Amino acid sequence: MFHAYAASSADSLFEPFEYDPGELGPDEVDVQVEYCGICHSDLSMKQNDWGITSFPFVGGHEVAGRVAAIGERVAGLEVGQRVGVGWTSQSCLRCNECLSGYQNRCPDAQGTIVGRHGGFADRVRAQAEWCLPIPDGVASVDCGPLFCGGLTVFNPLAENAVPPTGRVGVVGIGGLGHMALQFARAWGCEVTAFSTSPEKEDEARQMGAHRFLNSRDASALQSAAGRFDMVLVTVNAALDWDAYVNTLRPGGTLHLVGAAEKIEATVFPMIMGQKSISASPTGSIVRATEMLEFCARHEIKPMVEQFPMSRLNDAMDHLASGQPRYRIVLTAGE
Ligand SMILES: [Zn+2]
Ligand SMILES: [Zn+2]
């Protein structure tokens with residue numbers, strides 16, 4: 001039996017919950033959870049905001065732990081090895097997306113907490129390919145948040161081929177943004193933090209920002225006109241989209257990883273400047289592996305607040321308050 005914490009409805013607290021995962025499939029791995037980050041998607045899923053939640057709901061898709069059991073056809077992983085599991089736990093590995101290396105875009109991909117039970121537990125099960133080895137130099141306690149939030153903000157730098165000579169803006173200095181600043185700085189870019197919280201300026205600079213702009217200040221946005229190769233939006237609020245497109249240099253991209261409800265932007269300046277608006281979810285298996293190596297090389301890690309997993313409900317309240325600096329990690333077995 002796996003011992004987890006489950007919510008029986010959108011309004012329920014998480015309570016201890018046992019379930020039988022069934023026989024381990026030949027291509028599957030059981031991971032002993034050591035740490036599990038909490039991502040905003042865990043809260044959205046628990047509240048069934050997207051209408052795809054099944055109850056009882058076991059959240060947790062930022063797992064860092066060790067291989068506990070491997071299926072008979074699994075190669076390349078050993079019991080005891082450190083691995084992590086993120087948003088995706090399984091994909092078909094045969095469709096064009098999977099074969100092109102974009103397994104995260106597989107139409108049959110299964111989310112770790114969508115129709116499956118996630119990492120708010122002592123164990124979690126995933127397809128072997130989605131159990132990503134954690135390199136030396138990355139501590140397990142630090143790396144849970146890399147597997148969802150970290151990958152989500154690393155992926156756009158690679159997918160948009162942002163050059164190291166480029167300039168990157170990061171909108172929102174929170175759970176995602178504080179990792180994006182570190183990635184963009186280590187990538188070699190000039191980095192600008194956009195935030196509505198001027199008190200975050202010192203921390204933003206410590207995490208890699210060369211510049212800090214108060215995004216409530218229209219004249220500050222105007223002063224950055226034509227500046228950025230990429231502006232990465234990590235917030236889910238409605239923005240003055242035209243003002244942000246205006247901060248892009250010709251050929252630049254406004255890239256969204258925060259889910260604002262809709263975008264309204266004026267097309268003509270985008271045509272004239274060959275600017276684009278794009279968006280992406282997490283990232284592929286290879287991207288995740290590259291990200292982990294990059295973190296080890298540049299000593300990048302999220303800032304985390306730790307809670308024992310037994311205090312999951314307190315941790316979820318803390319997340320909902322918007323106060324975490326900047327990512328919450330649960331310690332299993334406590
Ligand atoms: Zn997530
Ligand atoms: Zn596929």
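## Exercises on loops, helices and domains

Asn48 sits in the loop between α1 and β4. Helices here are DSSP runs of H or I with at least four residues, strands are E runs of at least two, and both are numbered from the N terminus. You're working with a predicted model, where local features need pLDDT of at least 70, side-chain atom pairs count only at pLDDT 80 or more, and totals for chains, interfaces and linings use all residues. Residues are numbered from 1 along each chain as its sequence is written, while chains are lettered from A and ligands numbered from 1 in the order in which they are written.

**Exercise 1.** Work out whether Asn48 and Gln274 are buried, partly exposed or exposed.

Step 1: Buried means 20 or more other C-beta atoms within 10 Å of the residue's own, exposed means 12 or fewer, and partly exposed is in between, with C-beta atoms placed from the backbone.

Step 2: count for Asn48. It has 15 other C-beta atoms within 10 Å, so it's partly exposed. Its phi is positive, near 55°, and it isn't a glycine.

Step 3: move on to Gln274, in the loop between α9 (267-272) and β15 (276-279). Gln274 has 10 C-beta neighbours inside 10 Å, so it counts as exposed. Gln274 also has a positive phi, about 45°, without being a glycine.

**Exercise 2.** Find what surrounds Ala128.

Step 1: locate Ala128 in the loop between β8 (123-127) and β9 (132-133).

Step 2: check burial. Ala128 has 20 other C-beta atoms within 10 Å, so it is buried.

Step 3: list the contacts (C-beta atoms, placed from the backbone, within 7 Å). Skipping neighbours within four places in sequence, Ala128 touches Asp27, Glu28, Val29, Gly71, Val74 and Leu77. Val74 is 54 residues away along the chain, yet the two C-alpha atoms are 6.5 Å apart.

**Exercise 3.** Describe how helix α4 sits against its surroundings.

Step 1: see how enclosed α4 is. Nine of its eleven residues are buried, so the rest of the structure largely encloses it. Leu151, Phe154 and Leu157 are among them.

Step 2: name the partners. The buried residues of α4 pack against α5 (177-187), β13 (228-233), β14 (248-256), α10 and β17 (327-331).

Step 3: take the α10 pairing. The axes of α4 (residues 149-159) and α10 (residues 285-298) come within 10 Å and cross at roughly 100°, so α4 is roughly perpendicular to α10. Axes are lines fitted to C-alpha atoms, for helices over the stretch in contact, with angles from 0 to 180 degrees between N-to-C directions. Under 35 degrees is roughly parallel, over 145 roughly antiparallel, 65 to 115 roughly perpendicular, and the rest oblique.

Step 4: look at the residues. Gly150, Leu151, Phe154, Asn155 and Ala158 of α4 meet Arg287, Ala288, Glu290 and Met291 of α10.

**Exercise 4.** Characterise the meeting of the two domains.

Step 1: count the touching residues. 18 residues of domain 1 contact twelve of domain 2. On the domain 1 side, α10 gives the largest share, six residues.

**Exercise 5.** Track down two cis peptide bonds.

Step 1: go to Phe55 and Pro56, joined by a cis bond with omega about 0°. Pro56 is in the loop between α1 (40-46) and β4 (63-70).

Step 2: go to Arg325 and Tyr326, also joined by a cis bond, with omega about -10°. Tyr326 lies in the loop between α11 (312-320) and β17.
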